[in-house]
Amino acid sequence: MNISILGCGWLGFPLARHLIAQSHSVKGSTTSPEKLEMLRKNDIRPFLIKLSPELKNADGVHEFWNADVLVLNIPPGRRRENVLGFHTAQIRSISKAIADSPIELVIFVSSTSVYPNKPGVVIESDAVPGKAGRESGNALLEAEHILSQNTSFETTVIRFGGLIGYDRHPVKYLAGKKELERGKAPVNLIHRDDCIKIITQIINDNITGEVFNAVSDDHSTRKQYYSEAAKTLGLEPPKFRKDESSSYKIVSNEKLKLRLDYEFKKEENSANS
């Protein structure tokens, strides 16, 4: 297949290399001119694409949209003013470009931040427009809606939990800190290897029109998880305040496991795994 990845960064770049190893042809976008050669050296056809918020039709960029599948991986900025309006404008611009292209399937990388702050287990249907825990979640929900309502192509949404793996582990930023809150809150994380395998399976099996939560099976408390992770990495464990709350959510991955017959990578706290 011809696959374009809009956003060839921490997740998109290794995903591109994995797809190429499976004999797919991959185009990748970046917002940094200095990264173009790195993509090219890894057999990824590079494109410089910026959304500010509208898509700029730079020379040659139209060829990026000449694909069978688009992996759309551009999260809304958390610190940007009017994150909802800005990201919505980006997605509307992209949706128009896709509709004018031969792309048949869009895989939209979303997040579990779309869910409201409610206790208990949440499933895919529990996301309510305008009721996400933070504004970036509301922006992602609106993006999901815009893409799913466009009948010119099929969309499958994957709501990833917190991303971990290799050089990325949140305990590095928590190590040694004291008086941290939400120690009894369960973690809802996913390893990058799982992200790549899930996206690849959806492409290869042509799974369309679905919304999936994608988080690992491990829902240890933050206190348990990050204390163990710190010890594994030789870091000072963080200290949490006493927490009596039970009003925390667990994101269910049952739909994805059943539909894809998927088994998640066993959790390893090492940042190098």
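A search of the whole structure finds 0 disulfides, where a disulfide is a pair of cysteine sulfur atoms within 2.5 Å. Cys-8 takes part in no disulfide, and the nearest cysteine sulfur, which belongs to Cys-195, is 15 Å away. Cys-195 is likewise in no disulfide, with the sulfur of Cys-8 as its nearest cysteine sulfur at 15 Å. In general, a disulfide is a covalent bond between the sulfur atoms of two cysteines.

This is a predicted model, in which local features need pLDDT of at least 70 and side-chain atom pairs count only at pLDDT 80 or more, while totals for chains, interfaces and linings use all residues. Residues are numbered from 1 along each chain as its sequence is written, and side-chain values use heavy atoms, with hydrogens and water left out.

| Residue | Relative accessibility |
|---|---|
| Cys-8 | 7% |
| Cys-195 | 0% |
| Gly-12 | 1% |
| Ser-4 | 0% |

Gly-12 lies in helix H1 (residues 12–21); helices (H or I, at least four residues) and strands (E, at least two) are DSSP runs, numbered from the N terminus. Although Gly-12 and Cys-195 are 183 residues apart along the chain, their C-alpha atoms are separated by 10.0 Å. When neighbours within four places in sequence are left aside, Gly-12 is in contact (heavy atoms within 4.5 Å) with Ile-5, Gly-7 and Asn-73.

Ser-4 belongs to strand E1 (residues 2–6), and, with its neighbours within four places in sequence left aside, its contacts are Lys-27, Phe-64, Ala-67, Val-69, Leu-70 and Val-71.

Strand E2 (residues 25–30) pairs with strand E3 (residues 45–48) in the parallel sense over 4 bridges, and two strands pair if DSSP finds at least two bridges between them. Ser-29 has Phe-47 in E3 as its bridge partner. Together, E2, helix H2 (residues 36–41) and E3 make a right-handed β-α-β unit; a crossover is right-handed if, with the strands pointing away from the viewer, the path from the first strand over the helix to the second runs clockwise.

Helix H4 (residues 135–149) has 15 residues and reaches 21 Å from its first C-alpha to its last, close to the 21 Å expected at 1.5 Å a residue, the expected span being 1.5 Å times one less than the number of residues. The buried residues of H4 include Leu-140, Leu-141 and Ile-146, and what covers the buried residues of H4 includes helix H3 (83–99) and strand E5 (105–111).

Methods. Buried < 20%, exposed > 50% of the residue type's maximum accessible area, 1.4 Å probe, protein only.
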